[in-house]
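Take a moment to turn the model around on your screen before reading on. Then let's walk through it together, piece by piece.

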Amino acid sequence: MRVIAGVATDIGKVRENNEDSYLVSAPLFAVADGMGGHKGGEVASHLALDTIESLVRGGEGDLADQVKRANSAVFERGSADRSVRGMGTTLTAALMEPDAVRLVHVGDSRAYLLRAGALRQLTQDHTLVGKMVSSGEITKAEAEVHPHRSVLTRALGIEPEVEVDETTVALLAGDRLLLCSDGLTAMVTEDQIQAIVEAAPDAQDAANRLVRAANRAGGIDNITVVVLDLAEGEGVSLPGARPVRRRRAVSARKLLVRSVVALTVAGALLAGFRFYLDRQWYVGASNGQVAVYQGIPATFAGWHFSHVVEETDLRAGEVEVLTLYGSLQEGITAGSREDAAAIVAQMRMDLAAAGGRTTDAAS
Ligand code: MN
């Protein structure tokens, strides 16, 4: 079976971070919805997917074992690192087999199958309200608006051990598989999801449209959607032309803002340095003559931070030998151009007093 993948993730309209992660690394596809203050959620969802991806690549154990090891990785990091204590993540992963998909699942992200005009949920939510629905306490419609609908009964990384749901579903050409975080299903009803997915011409378009719909409905949570189209043939088409695996939580707009801020700061520093240099003066030597410089007598990596403003008729060598000013190589700093001129005038008088010859006297 040929797999055509589409993926979209968005921070939503309310949250400050995108704690969702996704994996598009054929034959493995997954979404993870992290939780746990500050950076915890982001760390948990990335760590879980990174761990599973490398274990699947290494071919160690079956998918459920790999998920359990990801649980340990997140749990251990959460126990060891105070800054991410108590973090956890959901995980819904699909491992594509020749004519089937192996699904593993923990939490309230979901997998759906759209086949022959019907949308079927392939996973069960590990939530308090999910349990209440199964036991007949409340209806599915009541669960959707229940105040505690997002309370999880199971997540990755919260306990040292985790129970993992596993199932294998046979696939047919024309099937459309959907993996999504609850940021989609909390905002968009299943009827709407079905209508959107059916109308979308391809997997990437379906993913984009679902994220847009969730945002239009309020976007109260991060939204992540992986869409997998099954077709006759073999191979995998990944989203776009670029080898997308995981999008960083930073949006393009934030990156742009950060770049502009960085450039502005760099520009301000340069302008400040230039402003400083323009107000520094010293008397030094240039072409063997005493000269007035603007800037500071320093070079760095081939850059000179000064330039000659005026070359005088005093010979630098005579000044160094016959006056008390000493070496002109290091420069004699002055508070202003006028001060620099006063230093030159003093040198001229000192030279005359010492009986030295100036170029004036020589000419
Ligand atoms: Mn969520």
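We'll begin with the whole protein and then visit its sheets, its metal site and a helix.

What you see is a predicted model, so local features need pLDDT of at least 70 and side-chain atom pairs count only at pLDDT 80 or more, while totals for chains, interfaces and linings use all residues. Residues are numbered from 1 along each chain as its sequence is written, and side-chain values use heavy atoms, leaving out hydrogens and water.

First, the overall picture. The protein has 11 helices and 16 strands; helices (H or I, at least four residues) and strands (E, at least two) are DSSP runs, numbered from the N terminus. Its radius of gyration is 35 Å, well over the 21 Å that the globule rule gives for 363 residues, so the protein is more spread out than a compact globule. That radius is taken over C-alpha atoms, and the rule is 2.2 Å times the number of residues to the power 0.38. Along its principal axes, the C-alpha trace spans about 110 × 45 × 40 Å. Of the 363 residues, 45% are buried, where buried means under 20% relative accessible area, exposed over 50%, and partly exposed in between (1.4 Å probe, protein chains only).

Now for the sheets. Strands of a sheet pair through backbone hydrogen bonds, either parallel or antiparallel; here two strands count as paired if DSSP finds at least two bridges between them.

Another open sheet has 4 strands, ordered β15-β14-β13-β16, with antiparallel pairing. Strands β15 and β16 stand at the edges with a single partner each, so one side of each is left without a neighbour in the sheet. Look for the hairpin of β13 and β14: there are 2 residues between the strands, and N287 in the turn has a positive phi of about 55°. The hairpin of β14 and β15 also has 2 residues between its strands, and A301 takes a positive phi near 50° there. Helix α8 (residues 252–277) lies across β14 and β15, running at about 155° to β14.

Next, which residues coordinate the manganese ion? They are D33, D182 and D221, at 2.1 to 2.2 Å. Donors are N, O and S atoms within 2.8 Å of the metal (3.2 Å for Na, K and Ca), and with water not among the atoms, sites may look incomplete. D33 sits in strand β3 and D182 in helix α5, 149 residues apart. D33 counts as buried because its relative accessibility is 8%, and D182 counts as buried at 14%.

Finally, find helix α1 (residues 40–58). Its 19 residues reach 27 Å from first C-alpha to last, close to the 27 Å expected, a span worked out as 1.5 Å times one less than the number of residues. After α1 comes G59, whose phi is positive, near 65°.

Definitions and conventions
Contact means heavy atoms within 4.5 Å. Axes are lines fitted to C-alpha atoms, for helices over the stretch in contact, and angles run from 0 to 180 degrees between N-to-C directions.
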